[in-house]
Structure formats: C-alpha cells, structure tokens
Amino acid sequence: MTTLDLITADLVDLGLDAADKHAATRALAQRLVHAGRVTDLDLFLKDVAAREEQMATGLEGGIGIPHCRSAAVTAPTLAFGRSTGGVDFGAPDGPARLIFLIAAPEGGGGDHLKVLAALARRLVRAEFKQTLLEATDAAAVAEYIRQEVS
C-alpha cells in the first residue's frame, strides 16, 4: 500500500442519490477523480463496467461492491456511498444501500483483493453494516472503514 489513505472523508457520500448502478458508480468515481486517485473517468468507468459484466457485484444484505483494476487509477482507493432508496447491483435479495467502489492500479492486483477480502469479512457483521447505515459524519465513516479494513 502507498502512504495515501485508502479512504478519506471526501470519498464518502452519505446521501448517494442514484437511479441505477451506473449512476452510483459514476458518482463515486467522480469523487476519485476530484481526489486525484483516478486520471481518466471514462476509462475507469469502462473498466468497472467490464468487471461488472463478468459477474454481478451485489452481495446479500444490501451491499454493492463494484471494483476493478484500471490504468486510470493512481493508488489503491475505496469510495463509499450510502443510498436511502437502494441501487440494484444484482444481489438475489434486492438493492444495495451500502456501496463500496474499489479502485486498484492496473499492476496492483493483490491490493484490491486484500481490500475486497477484508471488506467481505466485515460485511457479514451486522454491527459493521449498522454503523455505516446510521453514520452522520463522512470523516468518521472514512476513519471507521480505514480501521476496519486495513
């Protein structure tokens, strides 16, 4: 991992308003661009869509984890969005309210798998999901996820 934090307050959207997974991914990806973590929004979104076509990234329990490796990514990064209405990421039990966008540099295959595995372990804990569903402060959410996933 680099010295950059995996997730920061500006990469957290507690009021993600998106009609579908493409809009949700785009909204979170734009945060990555503004933070200097993604250099080419269109290339990154194309890479996320290609990964999404291989297999849906929705998990049971209201979770979406779109992710990819991309030449447009400058550092391993995680963005988080919370959707009140939910967004369909293809999970069998319905829409995702908690959405984690994992961005890894093209050569950094191991990094995003480590983040994915750490996240998956946390997401089976009701307390982890409940904390994220009830949070009101983006900086606190970023700190909480950083502590849980690193």
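Contact is taken here to mean heavy atoms within 4.5 Å. The structure is a predicted model, in which local features need pLDDT of at least 70 and side-chain atom pairs count only at pLDDT 80 or more, whereas totals for chains, interfaces and linings use all residues. Residues are numbered from 1 along each chain as its sequence is written, and side-chain values use heavy atoms, with hydrogens and water left out.

With pLDDT being the predictor's confidence in each residue, from 0 to 100, the protein has a mean of 92, and 95% of its residues reach 70 or more. Helices (H or I, at least four residues) and strands (E, at least two) are DSSP runs, numbered from the N terminus; confidence is lowest in helix 3 (residues 109-123), at a mean of 80, and highest in strand 1 (residues 12-13), at 98.

R51 is placed in helix 2 (residues 41-54). When residues up to four places away in sequence are not counted, R51 touches T57, H67 and C68. R51 is buried, yet it has no salt bridge, and E52, the nearest side chain of opposite charge, is 6.2 Å away. In these terms, buried means under 20% relative accessible area, exposed over 50% and partly exposed in between (1.4 Å probe, protein chains only); a salt bridge is a side-chain nitrogen of Lys or Arg within 4 Å of a carboxyl oxygen of Asp or Glu; and Lys and Arg count as positive and Asp and Glu as negative, while His and the chain ends are not counted.

Two aromatic pairs are found in the structure, the rings of Phe, Tyr and Trp (its six-membered ring) being paired if their centres lie within 6.5 Å, with planes under 30 degrees apart counted as stacked, over 60 as edge-to-face and the rest as tilted. F80 and F100 form a tilted pair, 5.0 Å centre to centre and with 45 degrees between the planes. Because F80 lies in strand 5 (residues 77-87) and F100 in strand 6 (residues 96-105), this pair ties together parts that are 20 residues apart in sequence. F80 is buried, with a relative accessible area of 0%, and F100 also counts as buried at 0%.

The rings of F128 and Y144 are stacked, because their centres are 5.5 Å apart and their planes stand at 25 degrees. This pair links distant parts of the chain, 16 residues apart, with F128 in helix 4 (residues 126-134) and Y144 in helix 5 (residues 138-149). F128 is buried at a relative accessible area of 0%, and Y144 is buried at 16%. The buried residues of helix 5 include, besides Y144, V141, A142 and I145.
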